[in-house]
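Keep the viewer open as you read.

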Amino acid sequence: MEKTNPSFILKVAEIVSTWFYVGKIRWAPGTLGTLATIPFVIVFQMMGSIGYIAVTFLIVFLGIFLSDIYEKSKGDHDLSEIVIDEVAGYMIAMTLLPMTWQALTLGFLIFRFFDIFKPFPIGWLDRKINGGLGVMVDDIAAGVITNVILQILYTKTAWLGSQIIHINT
C-alpha cells in the first residue's frame, strides 16, 4: 500500500483550513470566511435537511482534523487565516432555517457578534481547548447559540421572512 505524500496532506489542510484561501486575505478574514460560506449554505440547503446536516458534520470533522494539521505546520494556535471554523459555525447557525435574505443576514450578524465578542461560554471554550478541536469549538458554540436564537425568531415572529428557495426536506 502506498503512503500518502505529507506535502499533499498539508496542502489539502491549507486549502480547507483557509476555505480556499479566503482566510489568506488580510482584512477581516473571519468575516470574509463567513461571507464566503453564504453561497455554500444556499446550495447545501438544496440537498434537503438530512443532506445539509450531513455536509455540516463533514465540515466540522474535516475542520477539526485539518486545522490541527495546518496550525501545527505553522507552529501557532488558531491563526486568523484559519476560517474553516467560521464556515462550520455559520453552517450550524443556518441549520433548519428558511433561506431568506432576512435569515441569512440576521444569521450572519448574530454569528459574527458571538464569534467576535465571545461571551461565556464561547470565550471560555476558546481559551481552554487546544488543537483542532480548540480552533473549531468556539465557532461551533457560536453557531449553536445563533441557531437557537434564529429558531425562536422563526417560530415566534415573521422577522425571517418567507422562503425564497424551495427546498425539499
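Along the sequence, the chain reads α-α-α-α-α-α-α. That comes to seven helices and zero strands; helices are DSSP runs of H or I with at least four residues, strands are E runs of at least two, both numbered from the N terminus. This is a predicted model, where local features need pLDDT of at least 70, side-chain atom pairs count only at pLDDT 80 or more, and totals for chains, interfaces and linings use all residues. Residues are numbered from 1 along each chain as its sequence is written, and side-chain values use heavy atoms, without hydrogens and water.

The C-alpha trace spans about 50 × 40 × 25 Å along its principal axes. Of the 169 residues in the chain, 50% are buried (under 20% relative accessible area, 1.4 Å probe, protein chains only).

Now look at α4. Ten of its ten residues are buried, so α4 is largely enclosed by the rest of the structure. These buried residues pack against α1 (6-17), α2 (29-45), α3, α5 (101-117) and α7 (131-156); contact means heavy atoms within 4.5 Å.

Take the α3 partner. The axes of α3 (residues 48-74) and α4 (residues 84-93) come within 9 Å and cross at roughly 155°. The two helices are therefore roughly antiparallel (angles over 145 degrees, between N-to-C directions of lines fitted to C-alpha atoms over the stretch in contact, on a scale from 0 to 180 degrees). On the α3 side, the contact includes Y52, V55 and I59; on the α4 side, V87, Y90 and M91 are among the residues.

Notes:
Angles under 35 degrees count as roughly parallel, over 145 as roughly antiparallel, 65 to 115 as roughly perpendicular and the rest as oblique.
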